[in-house]
Amino acid sequence: MKRKPAPRVARQITRQLDDTLAKVHLQPRPRTGWIATIRQALGMNQTQLAKRLGVARPSVAQLESNEARDAVSLASLRRAAAALGCDLHYTLVPRQPLKDMIADQARSRAQQKLGRVNESQALEASAIAGETLAATVMDLAEELQFQRPTDLWND
């Protein structure tokens with residue numbers, strides 16, 4: 001079983017990834033897919049690409065169709081890229097910085113945890129008041145962000 005990185009290491013990885021990914025600006029995939037687009041830009045026909053791949057021409061047509069439908073494997077894309085003289089770069093680009101995603105999740109988990117505690121304390125008439133509860137949620141959220149407990153992403 002792979003060990004979870006220490007919280008300090010996890011925070012460092014988050015900062016490094018946020019810095020790197022902030023610089024990523026990818027163009028959307030062309031409607032017909034990258035394979036067909038690059039093949040056509042090179043002036044290569046499907047038969048020529050098929051020969052480079054060691055497959056029949058209908059297999060290239062199927063490959064291009066699969067890519068356009070999001071039904072292509074990374075292995076197939078990698079082989080096609082090599083046959084086209086390209087490298088395949090596989091990247092997940094977060095919609096917002098990772099640190100913000102972690103902060104949002106920590107806030108949500110803190111609200112869940114304190115909400116349960118506050119409900120049980122309400123039965124004993126010792127529930128935390130509004131402003132105090134909000135401050136306590138923020139304190140716990142900061143602690144969760146810092147510690148990165150294994151249950152942070154449990155919903």
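## Second largest pocket

By residue class, the lining of the second largest pocket comprises 10 nonpolar, 2 polar and 2 charged residues. Here Ala, Val, Leu, Ile, Met, Phe, Trp, Tyr, Cys and Pro count as nonpolar, Asp, Glu, Lys and Arg as charged, and the others, Gly among them, as polar. The model is predicted: local features need pLDDT of at least 70, side-chain atom pairs count only at pLDDT 80 or more, and totals for chains, interfaces and linings use all residues. Residues are numbered from 1 along each chain as its sequence is written, and side-chain values use heavy atoms, with hydrogens and water left out.

The space in the second largest pocket is about 340 Å³. Lining it are 14 residues, of which Lys4, Pro5, Ala10, Arg148 and Trp153 are the closest to its centre. Helix H1 (7-21) and helix H6 (98-123) each supply at least two lining residues, and H1 gives the most, with 4 residues. A pocket is an open set of points on a 1 Å grid over the protein atoms alone where a 1.4 Å probe fits, with protein on both sides within 12 Å along at least five of seven lines; lining residues have an atom within 4 Å of a point. Grid points are joined across faces, edges and corners, and a volume is the space filled by probe spheres set on the points. Helices are DSSP runs (H or I, at least four residues), numbered from the N terminus.

## Largest pocket

The largest pocket holds about 770 Å³ of space. Its lining has 24 residues, with Trp34, Glu67, Leu77, Leu88 and His89 nearest the centre. Two or more lining residues come from each of helix H2 (34-42) and helix H5 (74-83); H5 gives the most, with 4 residues. The lining of the largest pocket divides into 16 nonpolar, 4 polar and 4 charged residues.

## Helix packing around H4

H2 packs against helix H4 (residues 57-68) at an angle of about 125°, with the axes 8 Å apart. Axes are lines fitted to C-alpha atoms, for helices over the stretch in contact, and angles run from 0 to 180 degrees between N-to-C directions. H2 and H4 are therefore oblique to each other; angles under 35 degrees count as roughly parallel, over 145 as roughly antiparallel, 65 to 115 as roughly perpendicular and the rest as oblique. In this contact (heavy atoms within 4.5 Å), Trp34, Ile35, Ala36 and Arg39 of H2 meet Leu63, Glu64 and Glu67 of H4. The contact of H2 with H4 has 4 nonpolar, no polar and 3 charged residues.

Helix H3 (residues 46-53) also packs with H4, at an angle of about 100° and with the axes 8 Å apart, which makes H3 roughly perpendicular to H4. Gln46, Thr47, Leu49, Ala50 and Leu53 of H3 meet Arg57, Val60, Ala61, Leu63 and Glu64 of H4. This contact divides into 6 nonpolar, 2 polar and 2 charged residues.

## Positive phi angles

Most residues other than glycine have a negative phi. Asp70, not a glycine, has a positive phi of about 60°. Asp70 lies in the loop between H4 and H5 and counts as exposed, at 63% relative accessibility.

Arg148, also not a glycine, has a positive phi of about 50°. Arg148 is placed in the segment after helix H7 (130-147) and counts as buried, at 12% relative accessibility. Buried means under 20% relative accessible area, exposed over 50%, and partly exposed in between (1.4 Å probe, protein chains only).
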